[in-house]
Amino acid sequence: MVIYSDIPLNYRVRLRHPGYPRAKNTLFLFNAYDHPNGGVRKLFALTACGLVASNTWHGYLSREEAGPPVADGDDDILIGQDFYFHNHAYPDSNRSEPCSCISQPYPIYPDFASWPFPHGKMPPWWPSIDPLPFPVALISDMSMAVKARDVSCRITGSAEAGDTAHIIAVSENEWFEDHNMFEYSNDIRSINSAGNQLMLRCDLHRTHEQFKWVIFPNRQ
């Protein structure tokens with residue numbers, strides 16, 4: 001998510017690693033627009049941190065480096081500027097001492113290419129959705145077929161100025177193949193499969209390709 005210099009500090013939430021000095025421990029810095037006073041959804045923060053921390057869904061967030069877990073419910077919004085993500089798989093990173101006492105900080109994936117897709121191990125709060133039927137036998141052009149399936153932008157519902165967009169970028173084709181992402185498609189074994197495309201309004205398509213936003217299920 002892009003951070004602009006003119007965004008007030010209370011509309012930013014920084015998620016930190018408790019095992020490193022403060023100057024070097026930022027995992028994420030998010031724009032915080034989920035609350036009028038600035039905040040992000042707790043499950044969104046837990047998912048983002050869990051993905052980079054070895055696909056773990058049993059971590060917790062604290063307000064201080066060695067503080068107790070945030071007591072809010074799963075559907076609550078994190079209000080504040082700094083939170084620390086602790087990984088239960090590495091107990092030493094969850095000790096009640098500052099980072100200088102932690103001998104084994106939990107590892108993280110430094111980039112998308114290093115991250116393995118968690119087949120069969122999705123976050124427990126992530127809903128299971130069956131693939132949509134796809135009229136591949138009736139429409140040979142993939143872009144037209146995706147538009148026929150989706151009808152409108154899957155984010156806004158607008159039927160105007162719609163594009164077909166890749167969920168996983170075409171530039172990540174090697175990662176797509178290495179992680180057998182074909183199993184989530186019911187048409188062709190390709191990154192251009194309908195299972196890896198959806199209809200978006202043109203402006204959202206452009207900003208999605210610039211990695212300015214992601215899709216996250218809202219249980220509410």
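Modeller: One aromatic cluster is formed by F28, F30, F44, W126 and F216. Rings of Phe, Tyr and Trp (its six-membered ring) pair if their centres lie within 6.5 Å; planes under 30 degrees apart are called stacked, those over 60 edge-to-face, and the rest tilted. This is a predicted model, in which local features need pLDDT of at least 70 and side-chain atom pairs count only at pLDDT 80 or more, while totals for chains, interfaces and linings use all residues. Residues are numbered from 1 along each chain as its sequence is written, and side-chain values use heavy atoms, without hydrogens or water.

The setting comes first. The protein has 4 helices and 8 strands, in the order β-β-β-α-β-β-β-α-β-α-β-α from the N terminus. Of the 220 residues, 39% are buried, where buried means under 20% relative accessible area, exposed over 50% and partly exposed in between, with a 1.4 Å probe and protein chains only.

The largest nonpolar core contains 21 residues, and L15, V40, L61, L78, F83 and F85 have the most contacts inside it. Such a core is a set of buried Ala, Val, Leu, Ile, Met, Phe, Trp, Tyr and Cys residues joined through side-chain atoms within 4.5 Å. Two or more residues each are given to this core by β1, β2, α1 (42-52) and β6 (82-86); α1 supplies the largest share, 6 residues. Apart from this core lies another of 8 residues, including I168, F176, F182 and I191.

F85 shows the packing in detail. Leaving out residues up to four places away in sequence, F85 touches R16, P18, L27, L46, C49, G50, A53, T56, G59, Y60, L61 and Y106, contact meaning heavy atoms within 4.5 Å.

R16 counts as buried because its relative accessibility is 5%. The side chain of R16 makes a polar contact of 2.6 Å with that of D82 and one of 2.8 Å with that of N25. A polar contact is a pair of N or O atoms within 3.5 Å; within protein, one must be able to donate a hydrogen and the other to accept it, and residues adjacent in sequence count only if both atoms are side-chain atoms. Beyond its neighbours within four places in sequence, R16 also has F83, Y84 and Y106 among its contacts.

After α2 comes V151, whose phi is positive, near 70°.
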